Amino acid sequence: MNFYPIPPVLQAEILVQITAPLRCTGQPTDWRSGSALPASDIFLEGPVYSSDGHLYVTDIPYGRILKIDTQNHITECVKYDGEPNGLVIREDGCIVVADYKQNHLTANSGIDGFQGLLVFDPSTGGISPLLARRNLERFKGPNDLVVSSKNEIYFTDQGQTGMSDPTGRVYRLCPDGRLDCLVDNGVSPNGIALSPDERFLYVAMTRSNSVWRLPLNSDGSTTKAGLFFQSFGASGPDGLTVDEEGNLFICHPSLASVFVVDADGIPKARIATSSEGGKNLTNCTFGGEDGRTLFITDSMKGNIQFVRWHCGGSVKPKAVKTR
């Protein structure tokens, strides 16, 4: 990885640790089947910050969405038979969920396959399907998503794709229900983010240890996708976010870091994991009272880390529905 000139290193701190009563110790999950990751009682991802000061995160193996409030109290919002990953708040206050798990209709679920895009209503605790198929075909396994100013939902369909199976996809779901496939040769497409002017879409390609940059044309299509960031390590870039200046934040689990590069790819900073935290920094989002706090999920350790930044995120927090 050519991370030169060498940028300053910022040390993250732990905001909150998910404690034993809220961990799923001893509960069954098949989420790690075929994975090199060891068994765990939690795996955090998908942070999103709401305008009322709450931070929502997912616990993938156990089908949970957790909420950390302004006093750092943690509650379980919902638990269902799924594998939620990325979260994003819609204008109506509901939270759209990228769910990896494929599941058949059960007497209790009322949903024909949780895998796909779901909608979580924080005001009722209910979860319902939004998009389960493309032309009757199941998705490979949605991972992360972002919403544009036009209410378009861009999301990655990662599944088990990689260097030996470069068939991961990136989709755009339009408000009128039209679904466009922008990429069908992704090498494990994972995190996704829009530039502040929404002219470019960034996609983390985990198994090629890179981030692609997709120019978005006026008609919504993309051409001349390029390699924007190249790294190394046992695992590649995961979650992405962008600040209001256009700097891209790249979570890299195997290197215990969040790399920050500007819109030209020049290094700005490296955020290192807390001295008391783990190495698996998987996802990040901006929030806090002034919007300048970067929250980072330390997945396997089950904590939220944070670092202060000089500006806020390009995506401003939205209000969630309340009772």
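Me: Which residue stands opposite Tyr49 in strand 4, and how should I read such a pairing?
Reply: Strands here are DSSP runs of E with at least two residues, numbered from the N terminus, and two of them pair if DSSP finds at least two bridges between them. In this predicted model, local features need pLDDT of at least 70 and side-chain atom pairs count only at pLDDT 80 or more, while totals for chains, interfaces and linings use all residues. Residues are numbered from 1 along each chain as its sequence is written, and side-chain values use heavy atoms, with hydrogens and water left out. With that in hand, Tyr49 stands opposite Leu55 in strand 4, and strand 3 is joined to strand 4 (residues 55-59) by four bridges, the two running antiparallel.

Me: What is the strand order of the open sheet, and which strands are its edges?
Reply: The open sheet has four strands in the order 3-4-5-6, with antiparallel pairing; its edge strands, each pairing on one side only, are strand 3 (44-49) and strand 6 (74-79). Neighbouring strands of this sheet are turned by 25° against each other on average, direction ignored, where the axes are lines fitted to C-alpha atoms and angles run from 0 to 180 degrees between N-to-C directions.

Me: How many bridges join strand 5 to strand 6, and which residue of their hairpin takes a positive phi?
Reply: Strand 5 (residues 64-68) and strand 6 run antiparallel and are joined by five bridges, and Lys67 has Thr75 in strand 6 as its bridge partner. As a general idea, most residues other than glycine have a negative phi. In this hairpin, which has five residues between the strands, Asn72 takes a positive phi near 65°.

Me: Where is Leu136, and is this residue buried or exposed?
Reply: Leu136, although not a glycine, has a positive phi of about 70°, and its place is in the loop between strand 11 (133-134) and strand 12 (137-138). Buried means under 20% relative accessible area, exposed over 50%, and partly exposed in between, with a 1.4 Å probe and protein chains only. Leu136 has a relative accessible area of 72%, so this residue is exposed.

Me: Why is strand 25 largely enclosed by the rest of the structure, and with which strand does strand 25 pair?
Reply: Seven of the seven residues of strand 25 (residues 281-287) are buried, and therefore the strand is largely enclosed by the rest of the structure. Strand 25 pairs with strand 26 (residues 293-298) in the antiparallel sense over six bridges, with Thr285 opposite Phe295.
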